[in-house]
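Q: Could you walk me through how some of the helices and strands sit against each other here?

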Amino acid sequence: MTVDLNSPQLYFNRELSWLQFNSRVLAQAMDENLPPLERLKFLAIYGTNLDEFYMIRVAGLKTLYKARIQETGPDKLTPSEQLAKIRDYLHNEQQVLEDSYADIIAKLHEHGVNIKNYDALSKEERGAIKEIFFNEIYPVIIPIAVDATHPFPHLNNLSFGLALTLRDDSKHIKHGLIRIPRILPRFLQLGHTFVPIESVVEHFASELFPGFKPLASTPFRVTRNADIEIEEEEADDFLEILQEGLRSRNKGTLVRLELMEGGDKKLIKFLLSHLNLDEEDIYSYRNVPLNLGSLWQIVGDKSLAHLLLPTFTPKVLPPLDSEDIFEAIDKQDILLYHPFDSFEPVVKFIAKAAADPDTVAIRMTLYRAGQKSPIVKALIDAVRDGKQVMVLVELKARFDEENNLRWARALEDAGAHVVYGIPGLKVHAKIAQVIKRQGKSLKSYVHLATGNYNPSTAKIYTDFSYFTSKEIFGTDATHFFHFLTGFSTHTKLSNLYMSPTQIKPKLLKLIKKEASYGKEGVIILKANSLVDQDIIKALYEASQAGCKIDLIIRGICCLRPGVPGVSETIRVSSIIGKYLEHPRVYFFKHDKVQCYISSADLMPRNLVRRVELMTPIYETQLKTKIEQILMLQLADNKLRWELQNDGGYVKVPALGKVIDSHAILETYANKIYDKTKKETPDYVRRLAERILKES
């Protein structure tokens, strides 16, 4: 029987699949085996994720709905249907969120850590908080009257404050707002007691509105559409246009109002009337503080580090622990797996090149470099030393635009050649090229990666880094950078694969070829998201041919596994743990190369609307290392979830020996580091072989 592979029944909705991912993050906060502050960290991540989801995805759906555009994905849900399902999903999940927070607070209390409202403080604690209020808060807080002569103020995106009903001595009723600036801490701290600032401001509200008695008050927080629209083709000065876009982020349409439950109904009605929101846009919480992301303040308290999982120090393993990095790359290609392998060699790759008089040129792409970037500093040093430096700084990296603007200006001021991207495309590829003079010739060294050039995130994201001095990759790197800086029509590379022209066709070809081996075929795809319909259909066809397919997809997965006659041989896993799984790795058993690493996820935006790179891994030892990491993750029964046919995820049961892939890799990296550094870095291969044998 022929199956229609375009049927909506074969595709999960993208937005609902993302919500499932965030629920898996929330599940980490519910895990009583984790230290309490580690659990609180996952609540902070859950909240930060949800903020971005509303600012971008929900805002986009609302825009489509208001414009009466019935645009749908392969699942055929309309914008209005998606918005309704999102609301239902989050309202149903609220009790889990509330229970998780209450349990974490109770566990923290056992360790002497408390989150208390002002009213719950002792007399001595209140005295200390009063002093903090008048010395540090009162001078910068912003009380605002709202009446005929004082219009309701504009509230920036993610604004947080109090709305109040006030009465003067003449019994006149007024409304007011108290804006709580972001420069103030979310919690006032007394030792290991953290006091939500809104409870303090609420208590002292009469000091901010002298002559008025507060009758009712409610904390609130607003979320706006934060997606920046830029008409690139009409931009004479792209930096100026982007800066204007950043300013407009605080003027976007309101999409969400967060409140604490039990607020005065008339006061809430007053807020809604001025915010132009409907009641369905309200999310009310009972005990969970507004702005879950602000819990990072508590998580980051260094005196509480013992309530987190032990910190792992990334290791510089052989051969980079003892050899000059360029000499090591001359001898062999090198593959690092962060954060178990330190990111330090990547920084050193640029820093040493900047200091080496034989270096002629350094070229690289920067997508998210972070606030304090040693890599950018090294590039500036290289320019000042007379080297040719070309950097593509992707200014459209969402929520990193301001950082990237600053780095772009600093590099330009130093004299580097800075490119801001390509009109209509984001440049998401991760590549650096160092060209050195060797005698009368030039030699190219290339770094290709699945993650960003950001030393901070490299400690918490898993990613692959690949160093090579192969001429074939050096030539392609040169062509790639010429494409970025000029009007080159050389959009196809010879050994690397570039989107939007090459990666998707190559992946479709690889899937089709592996499918031709029927039951002998094996495909393993690891990515952050799987959304592209053409890729999904190709995987369905491969499954129909009997090919065994394992997908390790951290977040969104629109493919439905386990459908009779369509996807019976497909298993979808998601790993959520101490580290954020970020690599894109594509493995095909019968392909000559077998293994590819990439900056591109399996989404239309990456494959069609971005400049990405996919790198074939030719060396047997490095391919084996990647394959065994994949095998280890597929054997994980501690952090791994499996996608079910109905769209839900089930935690894989830990039957027999517990296999926590993150903890195991930490342990073995430490062991290799401690063994006088004489072993070659194939610890992953030996580890995985042993685990698979035992399991």
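Q: How do the axes of H1 and H3 cross?

A: The axes of H1 and helix H3 (residues 79-110) come within 10 Å and cross at roughly 5 degrees, where axes are lines fitted to C-alpha atoms, for helices over the stretch in contact, and angles run from 0 to 180 degrees between N-to-C directions. H1 and H3 are therefore roughly parallel to each other (angles under 35 degrees count as roughly parallel, over 145 as roughly antiparallel, 65 to 115 as roughly perpendicular and the rest as oblique). Helices (H or I, at least four residues) and strands (E, at least two) are DSSP runs, numbered from the N terminus. This is a predicted model, in which local features need pLDDT of at least 70 and side-chain atom pairs count only at pLDDT 80 or more, while totals for chains, interfaces and linings use all residues. Residues are numbered from 1 along each chain as its sequence is written, and side-chain values use heavy atoms, with hydrogens and water left out.

Q: Which residues in H1 meet H3?

A: Among them are Leu16, Gln20 and Ser23 in H1, and the residues met in H3 include Tyr89, Leu90 and Ile104; contact means heavy atoms within 4.5 Å.

Q: And what about H1 with H2, at what angle do they pack?

A: Helix H1 (residues 14-30) packs with helix H2 (residues 36-66) at an angle of about 165 degrees, and their axes are 8 Å apart. That makes H1 roughly antiparallel to H2.

Q: Switching to the sheet, in what order do the six strands come?

A: The order of this open sheet is E2-E4-E3-E7-E8-E9, and the pairing is mixed (two strands pair if DSSP finds at least two bridges between them). Strand E2 (142-146) and strand E9 (282-285) are at the edges with a single partner strand each, so one side of each is left without a neighbour in the sheet. From one strand to the next, the twist averages 30 degrees.

Q: Which strands does H2 lie across?

A: H2 lies across strand E7 (212-224), strand E8 (254-260) and E9, and runs at about 135 degrees to E8.

Q: Last topic: is strand E11 mostly covered or exposed?

A: Strand E11 (residues 359-366) is mostly covered, with seven of its eight residues buried (under 20% relative accessible area, with exposed over 50% and partly exposed in between, using a 1.4 Å probe and protein chains only).

Q: How many bridges join E11 to E15?

A: Five bridges join E11 to strand E15 (residues 431-438), and the two run antiparallel, with isoleucine 362 opposite valine 434 in E15.
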